[in-house]
Amino acid sequence: MDARTVPVVIITGASSGVGLWSAKALADRGWHVVMACRDVAKAEAAAVATGIPATARTIMPIDLGDLASVRAFVAAFTATGLRLDALVCNAAVYLPRLAAPLRSPDGYEISVATNYFGHFLLANLLLPRLGKAPAPRLVTLGTVTANSEEFGGKVPIPAPADLGDLQGLAAGFRAPVAMIDGKNFKPGKAYKDSKLCTMIMSRELHRRFHADTGIVFATLYPGCVAETPLFRHAPPLFRKIFPWFQKNITRGYVSQPLSGERVAQVVADPAFTASGVHWSWGNRQRAGREAFSQPLSAKANDQARAARLWDLTAKLTGLEA
């Protein structure tokens, strides 16, 4: 496979879980996948084990929680001369057992820094290159727990996603501030808030850039991937019960290979050319179910808040400099 003549996709967090299986599904479709990961050796081993051919992959280091690393990745990718047809913002950390916030090298709470700030900066820095592709797409992984239109987004454990008036970001988001709404630290909520921000980010990217660039901006929820390594820091009992519960009670369970196939559809298939859309396959899975455009919550569609979130994030990530 000649990476100069086939479509190229960057996938963050492609060393395991949804990201890895998305890379596999797109490589099987003839794409060249740039696996953007913190641990290059882990990504290499995972690619070999999953059967992604060496000719179909390029593995490059990035730590999305470190803004300098994001900038270094963009410079290194640009230096390869590879085209860019799609970007998949997939990587995430979920640290629900923290008693106190961990901080990124830039001083920000680590869930928001990795899941949101890093992707915000990466997407914006790559937009000029992505916009040169014949049919560019920027796809962001969402979650049902950040969409209060869904039952999963209303579960008060530890609390639903809620950005408040962005008081924490307005205050600079460095210690002692650790939550976007400026309130007390709750690690599970920090994850939900960060994912809500990425979904708002996608809508705002669409509003600002789709008409001029033709880039298709979309989010998706592929279903409950209950056995993904994302949950490796959850309590052991949760890791044991949660997959069983999703398979047998909610029927929301989706395997990692199927989740990757669904991401690949949104990246590559002609049925997914609508921009500003959140794609879902529903919460109760059944064979052969087609994707549909799902409404997001009022929290995700508040344009005034989205614009302010963008401006604050641009300042905190150094994008406006």
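Biologist: In this predicted model, at roughly what angle do the axes of helix H1 (residues 17-28) and H8 cross?

Modeller: The axes of helix H1 (residues 17-28) and H8 come within 7 Å of each other. The crossing of this pair is right-handed. The angle at which the axes cross is roughly 60 degrees.

Biologist: Are H1 and H8 roughly parallel, oblique or roughly perpendicular to each other?

Modeller: Angles under 35 degrees count as roughly parallel, and those from 65 to 115 as roughly perpendicular. The axes of H1 and H8 cross at roughly 60 degrees. The two helices are therefore oblique.

Biologist: How do the residues of the contact of H1 with H8 divide into nonpolar, polar and charged?

Modeller: From H1 the contact takes Gly 17, Val 18, Trp 21, Ser 22, Ala 25 and Leu 26. These meet residues of H8 including Gln 256, Pro 257, Glu 261, Val 263 and Val 267. The residues of this contact divide into 9 nonpolar, 5 polar and 1 charged.

Biologist: How are H3 and H4 oriented relative to each other, roughly parallel or roughly antiparallel?

Modeller: H3 and H4 pack with their axes 9 Å apart and at an angle of about 25 degrees. Angles under 35 degrees count as roughly parallel, and those over 145 as roughly antiparallel. H3 is therefore, relative to H4, roughly parallel.

Biologist: Is the crossing of H3 and H4 left-handed or right-handed, and which residues of H4 make the contact?

Modeller: H3 passes H4 in a right-handed crossing. On the H3 side, the contact is made by Leu 67, Val 70, Arg 71, Phe 73, Val 74, Phe 77 and Thr 78. The residues of this contact divide into 10 nonpolar, 2 polar and 2 charged. On the H4 side, the residues are Phe 117, Gly 118, Leu 121, Leu 122, Leu 125, Leu 126 and Arg 129.

Biologist: Is the aromatic pair of Phe 73 and Phe 77 stacked, tilted or edge-to-face?

Modeller: A search of the whole structure finds 11 aromatic pairs. In the pair of Phe 73 and Phe 77, the ring centres are 6.4 Å apart and the planes lie at 10 degrees. Planes under 30 degrees apart count as stacked, so the pair of Phe 73 and Phe 77 is stacked.

Biologist: By about how much of a helix are Phe 73 and Phe 77 separated?

Modeller: Both Phe 73 and Phe 77 are buried. They are 4 residues apart in helix H3 (residues 67-80). Their separation is therefore about one helical turn.

Biologist: What kind of aromatic pair do Tyr 108 and Phe 173 form?

Modeller: The centres of the two rings are 6.1 Å apart, and the angle between the planes is 35 degrees. Planes under 30 degrees apart count as stacked and those over 60 as edge-to-face, the rest being tilted. The pair of Tyr 108 and Phe 173 is accordingly tilted.

Biologist: How many residues apart in the chain are Tyr 108 and Phe 173?

Modeller: Tyr 108 is in the loop between strand S4 (86-89) and helix H4 (110-130). Phe 173 is in the loop between helix H5 (167-170) and helix H6 (187-213). The pair links distant parts of the chain, and its members are 65 residues apart.

Biologist: Is Phe 173 buried or exposed, and what is the value of its phi?

Modeller: Phe 173 has a relative accessible area of 0%, and the limit for a buried residue is under 20%, so Phe 173 is buried. Its phi is positive, in a residue other than glycine. The value of phi is near 60 degrees.

Biologist: Which residues do ring pairs link into a cluster with Tyr 108?

Modeller: Tyr 108 is itself buried, at 2% relative accessibility. Ring pairs link Tyr 108 into a cluster with Tyr 116, Phe 117, Phe 120, Phe 173, Phe 209 and Trp 310.

Biologist: With which residues is Asn 124 in contact, leaving aside its neighbours within four places in sequence?

Modeller: Asn 124 is in helix H4. Its relative accessible area is 11%, and Asn 124 is therefore buried, the limit being under 20%. Beyond its sequence neighbours, Asn 124 is in contact with Leu 205, Phe 209, Trp 310 and Leu 319.

Biologist: Which residues does a cis peptide bond join?

Modeller: The place of Pro 176 is in the loop between H5 and H6. Omega of the cis bond is about 10 degrees. The residues joined are Ala 175 and Pro 176.

Definitions and conventions. Residues numbered from 1 in each chain as written. Predicted model: local features only at pLDDT ≥ 70, side-chain atom pairs only at ≥ 80, totals over all residues. Heavy atoms only, no water. Phe/Tyr/Trp six-rings, centres within 6.5 Å; stacked < 30°, edge-to-face > 60°. Buried < 20%, exposed > 50% of the residue type's maximum accessible area, 1.4 Å probe, protein only. Axes fitted to C-alpha atoms, helices over the stretch in contact; angles between N-to-C directions. Left-handed = near helix turned anticlockwise from the far one by under 90°. Contact = heavy atoms within 4.5 Å. Nonpolar A, V, L, I, M, F, W, Y, C, P; charged D, E, K, R; others polar.
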